[in-house]
Amino acid sequence: MTVKERYEAYLRACAGRPGLWEVNGETRERQRLTAQGGTYSQASVDHQTVLYARAGETSVGYAVTQCLEDEPEKLLEEAAENGRLTGQAGMEPCQEARVSEEEKQRLSNPVMIADLARQGMKRLPEAELTIEEQIRGQWVVNQKGLNRQSSRRHFAVQAQWKGYPFITSAPAPEQIEWAGLQEAIEQMRKNLEQPSSMQSSGVYPAVLSGYVMAKFFITAWKLWDARSYVGGGGVLRERGGTQIASSLVTLRDIPVWLGHGYEAVLDSEGSDGLVVDLVKQGVQTGLLHTLQTAAALGAQTTGNAGRTAGLVKGYRTIVTPKNWVMEPGQNTEEELLAQLGEGLYIFDAFDEFHAINPASGDFNFPCNAVQIRRGKRQGLCRQLTISGNILQVLASVEALGNRLYEMPLIMQDTYQVAAPAALISAIHVTGSV
Amino acid sequence: MLTIAAIEALLSDTASRGHAFSELFVEDKAERELNYEKQALAGAQTMHSRGAGLRLIRDHHVIYTYTNDVSEPGLKQLADQALALLQIVGSATPSDQAVTLQEIHGKAGSNPMQRELAEIGNRRKLDVLREIDAAVRSAGVPLLSHGVTYYETDQRVWIANSEGTLAKDRRVNTRARLHYTVGDTEGALYEWADFIQPAGLDTWQSEEYIAFFQNQLKTAYETLRAEPLKPGRMPVVLAAGSCGVLWHECCGHTLEAAAIASGHSDFIGKRDTVVASPKVTIVDDGTLPGLYGSSCFDDEGKLRQRNVLIEKGVLKGYLCDRVHGRQIGLESNGCGRRQDYTFAPTSRMSNTYLAPGCDDEEEMIRSLGEGLLVTQLGGGSGGPIFSLACSRAYLIKNGQIDRPVKNCMLTGRGIDVMKKIDRVGANIKTEYGSFCGASSGLVPTTAFQPQVRISEMIIGGEA
């Protein structure tokens with residue numbers, strides 16, 4: 001019997017038991033190969049299954065285990081005991097009586113990953129390449145008849161060049177967009193080739209690269225986390241249906257983003273992942289929900305219950321995005337620079353987990369930039385800081401690039417953001433002189 | 001845990017078939033979390049992690065595999081997959097290699113625990129949460145919301161390798177986290193703060209943690225009411241204690257062998273040359289008792305040690321793990337660390353500090369016309385160019401502390417900033433510690449110092 005089958009059998013036997021008895025199994029199988037200049041350096045393969053239980057008759061407690069050989073009763077009773085410890089009555093919302101199952105995927109022969117790395121090394125000879133295949137599985141079973149499972153595969157390529165990561169993902173090896181990586185590296189080369197220059201402080205029009213915009217959203221997506229609104233807080237409260245950004249701005253969270261990886265059909269509560277319009281043509285339209293936030297705010301879940309958000313990993317489900325996408329525009333990055341004329345091209349920013357306040361959107365972002373004169377790159381300026389609020393940035397967007405920069409959440413690999421370059425009318429810059 | 005015989009058999013098999021150095025990291029970890037909100041226990045969670053990571057190293061090739069299926073078939077599958085990958089990256093002729101493990105012992109006591117955490121029971125743990133909650137409510141600070149969480153971690157690891165090393169370590173820590181929003185209708189500030197003890201709960205004897213959390217709240221409210229600092233360049237005084245995170249970010253990461261080997265450091269090829277002011281001596285020491293970054297062994301089974309990185313401004317050494325140390329021609333010095341079995345180890349810091357100098361702390365401020373005094377740094381990022389958010393800072397005017405300021409971000413190139421240290425105080429203060437995140441996950445660290453002055457830094461912030 002598989003681990004899931006053992007829990008299914010136990011929970012079937014619990015049918016009719018009062019309260020909630022539920023287990024969410026999250027599995028990850030992954031193989032990676034790192035290569036550069038015709039040789040391979042590192043490789044890894046891993047398998048991990050983590051079981052999250054929430055259980056109790058009158059109040060719900062939580063327990064998590066990686067000890068797969070333990071009896072299901074042990075985990076569920078431990079969760080229930082934790083619930084009894086709190087002494088607080090109250091059930092949590094859950095999905096009921098839904099059954100669905102996708103065929104379990106298996107990792108490919110590692111020789112195929114090596115072939116992919118060889119292709120990559122021919123196209124990107126200067127970059128260190130990491131090729132990854134990942135299968136993420138999710139199953140949720142409870143005593144109320146919920147029994148759902150999904151299993152999705154994706155491939156990702158990270159090309160590291162001069163310390164900058166360039167990433168793309170795809171559901172199949174033949175769909176990997178090598179040309180996009182090549183172009184992104186060429187753009188970065190042009191920036192780094194510029195002679196060093198100094199920049200004084202002030203307010204300037206600027207182009208923020210897709211890399212910088214993605215770094216904003218890897219933290220700032222939390223402005224759309226419904227949990228922030230449950231207690232009456234939240235920066236966007238009472239702004240639903242109003243214009244909060246330039247009409248060029250559309251933000252979406254997409255569970256299955258065709259042509260890209262990070263597919264997540266089910267969330268950790270067994271709900272279907274939905275496409276969520278968060279901002280549509282500048283108008284605030286939605287938030288990301290779990291069953292619990294939806295119940296608290298009188299909304300429907302959007303299937304965004306997960307376990308990891310930013311650097312936080314939870315026992316209970318928390319709101320997490322899937323593929324957080326800022327829709328691209330029509331312009332190449334060179335066209336955006338021509339349109340900018342005079343200003344700064346901010347191509348690099350760092351410390352996104354400390355530089356941005358995820359509750360307010362305020363930021364003080366250390367960055368590097370290239371000065372733009374008559375639409376052309378002129379000088380490279382390091383050690384600048386841009387400051388302001390992410391909503392101000394979104395309100396001042398005048399044009400968007402046509403290529404998305406993809407950025408998975410580091411270390412956890414549980415969601416990704418993608419954003420184009422943006423031409424903005426003004427941003428405050430602390431200069432290097 | 002697995003038996004010694006099973007580990008010896010696995011290492012003999014992988015070392016022979018792969019003709020490689022083989023290492024098995026086995027982990028068993030129990031964690032508990034209690035959440036206290038609105039004067040009641042709001043949640044209780046437990047977590048049990050168990051798994052193993054197998055690493056094979058041959059020439060410059062490294063294979064890492066892990067699983068939480070630690071049954072014999074599970075580990076056999078792990079070994080087969082690791083060997084299959086090793087064949088792809090570079091084949092070699094197998095050879096017989098029988099591994100016999102010999103346990104090595106170190107000094108006990110870096111994570112003291114008089115009573116097992118399970119024996120203490122939840123009542124005492126709840127008392128800690130209630131005491132903190134009561135202290136928070138009586139701190140005299142307008143609070144919009146707050147909550148306290150108690151965490152405990154009991155990690156047992158075995159590290160065994162084909163050279164015959166077997167190291168067993170136990171790392172226990174207890175932690176309370178206060179998260180809070182201070183403010184009123186005119187504005188609010190959300191923060192969290194951790195009080196950490198690398199020890200069992202029975203070491204929480206004094207009420208030091210009460211004073212710690214009350215001070216956090218009071219200074220948070222002061223910061224909320226502060227004016228933003230005008231950005232620019234000015235001298236910066238960093239207070240003794242946790243402001244030592246400066247050294248973690250401005251040179252610690254770039255002194256890691258992984259950064260040196262990958263070419264992403266300003267310290268490449270600079271051993272025995274001047275890289276900092278002569279007032280600067282930087283040490284990383286994983287043996288210091290009672291500090292969060294300490295343990296008996298590193299995560300490669302090497303005894304922790306004291307490593308002098310910079311001495312009186314001269315670069316003396318790097319932080320080395322096995323793989324990256326060898327890539328730069330050095331042996332490991334006990335700095336191979338990882339969060340858990342799901343990460344391969346790499347070179348990491350532990351307790352990093354600036355050694356005390358002999359300058360007068362009051363004079364450092366008194367002799368400045370204008371400057372910034374930072375008493376607490378938030379997070380930051382390292383690399384040749386680093387950044388640090390100031391969570392508590394004060395403007396200095398005419399040699400006096402003038403007023404609190406907020407929204408300041410310190411940035412600079414580490415190798416330049418270290419040359420601008422013009423004062424180092426005589427009184428060093430340690431700190432409770434935090435996590436450092438990098439390619440081998442989150443590892444416990446501390447960073448501390450005596451009070452120091454930097455003659456000029458770039459300070460970013462609001463206009």
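How many residues does the contact take from chain A and from chain B? The contact, meaning heavy atoms within 4.5 Å, takes 51 residues from chain A and 58 residues from chain B. This is a predicted model, in which local features need pLDDT of at least 70 and side-chain atom pairs count only at pLDDT 80 or more, while totals for chains, interfaces and linings use all residues. Residues are numbered from 1 along each chain as its sequence is written, and side-chain values use heavy atoms, with hydrogens and water left out.

Chain A and chain B bury about 4600 Å² between them, 56% of it on carbon and sulfur atoms, where buried area is the accessible area (1.4 Å probe) that two parts lose on being put together, summed over both. In chain A, the residues that lose the most area to chain B are Gln66(A), Tyr315(A) and Gln383(A), together 15% of what that side buries.

The count between the two chains is one salt bridge, a side-chain nitrogen of Lys or Arg within 4 Å of a carboxyl oxygen of Asp or Glu. Glu69(A) forms a salt bridge with Arg50(B), and their closest N and O atoms are 2.4 Å apart.

Technical notes. Chains lettered and ligands numbered in written order.
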